[in-house]
Amino acid sequence: MAPVRSIAFVFLMAIVFVPIVPARAHTAIVKVDGRWQLQVDGKPYVARGVTFSGSSSSAAYEQDCARLAALGVNTLRTWGTTSETRLLLDAAHKHGLKVLVGLWLRQGRPGAESDDSFDYLHDKQGMKKQLADTLAQVRYFKDHPAVLAWGIGNEALLNSPDGAKEAYARFLEQVVREVKKIDTGHPVISVDAWMFGVPWWEKYTPSLDAYGINVYGHGIHVISGELAKAGVAKPWLITEFGAQGEWDAPKDANGVPREPTDAEKYAAIVDGWRNALAPHVEAGRCLGLFVFNYSSAFDHTGLWLGMLSGSSTRPAWHAVREAYTGQKPATPLPTLASVTVGDVKQDESGTWAQVRVEAKDAAGAPLDVSFAYNFRGAPTRHERDEVVRLQAWPGTTPDTWLVRMPSVKGAIKLYALAKDRAGNLVMATTSVALPPTR
C-alpha cells in the first residue's frame, strides 16, 4: 500500500495551563470472559467513530458535534493537538461524544502525511523535544471528560526509512511508557497503515494497549485474518476506513486511477461496519471503527473520501448514518450515473470538450450540474491535490454540456458534480487526455 494521503495539520502548540473543571472519565481495555472490551467508567464502549477535521473553523465545533451525534457517531479521532483542541473536547463532551486524541510524532521521510524528514537514528535532542511536547499535551488534556484514549503517531513507520524503523519503534515505546506514568486513566495506542506497524510494535513497543490500523476498501474484510496470522493477541481498532483508495485503485487507459462510484463508496462504509467488523467486535477483537473523514474540503481527498463538500452532504454522510443507526436517507439520493467525454477540440479561445452527463433526482427535480478537474501530474503537492472549477455551458442536446478544458498538458481527472435542492452533492469521474496547447 502506498502512502495514504496528504492533509495539513498544525500539531504542536504553545500550551497555557488552565484548570479543567469537569470530572474526568476513566477508560480501560479489559478482558471479559476471554474477550477484549473497551470500557468507560466500567461500562462497555464500542467506538462508532469518524476522523475529524471539521466543517470550517472552531466556531462550528458545536454544530459539527451535534450533527455527528445525530448520525450515531459516538467518537472522534484527531491526528494531533492544536490550540483549538480544548474547544473540540468541550463541544464533544456537551454532545456526548468521546475523542481519541492524536499525539503527533514526526515522520521519518517525506511522504503522504507531510514533507517532514526526522532522523530517529541520530537526532537525540529532537526526540527529547518530541517526548517533552507529547507529555505536555497529555498533562494538559488528560483530565478532560471527553478524552477516550491517546493515539500516538500516525503512519510514521510507513513513512520511515527501513534503517530507522527499529529506532522509531523503540522511541515510541519510551513515549508510551512515559505517557502511562502521567495518565493511568486512558489507554494508549499507536496508528499505522495496514500491517506496516505491527511487526515493529510486537517486537519493540510492548507497552501499547491496542493497535490502530488504517485500512481502506476490501482490506477491511481480511485484516483480522492477517493480524491472526501475525500472532497478534492485542485488541485493535480500525482508525481510518473508507472506499478503495487511490494507491490501490486500478488505472484507466489514460493512466488515471479509477475512483470508486458514489454508490460503491456508500456500500463500502455500510458493509465494512456491519459485515466486516461486527463479528470481530462481538468476538472481542475489534474495539471500533473510524470512517475517514469529517471534512468539508473541496479537494482530491475530500471528494474521494469526505462526508461533506462545503455545505453540501456527500453520500458518505448518509452511509455513516446507515452504518451506525440503520437509518437510510429519508428520500433517495440523486444519482449521477455516468459522465462521458466526446470530441475534444481546440480553437483560438481554448480547448473544449463535449460532455454527456446522466443525472437525475428521485423526485424528478432539476439538479445543479457543474464540472471541475484535478491534475495529478502537477509539480507541487498543493497543485496535485487541488480541484479546480471549469466553465461549462448547456449543449445543443439534452444532458450534454460544452466544457472548457484547462490549459495543461497530459491526462486530467474530470469531475461531473450534481447537487439537489436538499444539499446532497453527488459526482462521477472520468479522465481526459489533453493535447498540447497551441
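**Notebook: salt bridges in the predicted model**

I looked up K413 and found that, at 4% relative accessibility, this residue counts as buried. The model I am working from is predicted.

I next asked which residue K413 pairs with in a salt bridge. The partner is E259, and the closest N and O atoms are 2.8 Å apart. I noted that the pair links distant parts of the chain, 154 residues apart. K413 belongs to strand β20 (residues 410–419), whereas E259 lies in the loop between β10 (236–241) and α7 (262–282). E259 has a relative accessibility of 5% and therefore counts as buried, the cut-off being under 20%.

I then recorded a network: salt bridges with shared partners join E246, R376 and D385.

I turned to D90 and R86, whose side chains meet in a salt bridge at 3.3 Å, N to O. Where do D90 and R86 sit in relation to each other? Both are in helix α2 (residues 85–94), and because they are 4 residues apart there, about one helical turn separates them.

K142, at 16% relative accessibility, counts as buried.

Finally, I looked up how many salt bridges the structure holds.

How values were computed:
Residues numbered from 1 in each chain as written. Predicted model: local features only at pLDDT ≥ 70, side-chain atom pairs only at ≥ 80, totals over all residues. Heavy atoms only, no water. Salt bridge = Lys/Arg side-chain N within 4 Å of Asp/Glu carboxyl O. Helix = DSSP H or I, 4+ residues; strand = E, 2+ residues; numbered from the N terminus. Buried < 20%, exposed > 50% of the residue type's maximum accessible area, 1.4 Å probe, protein only.
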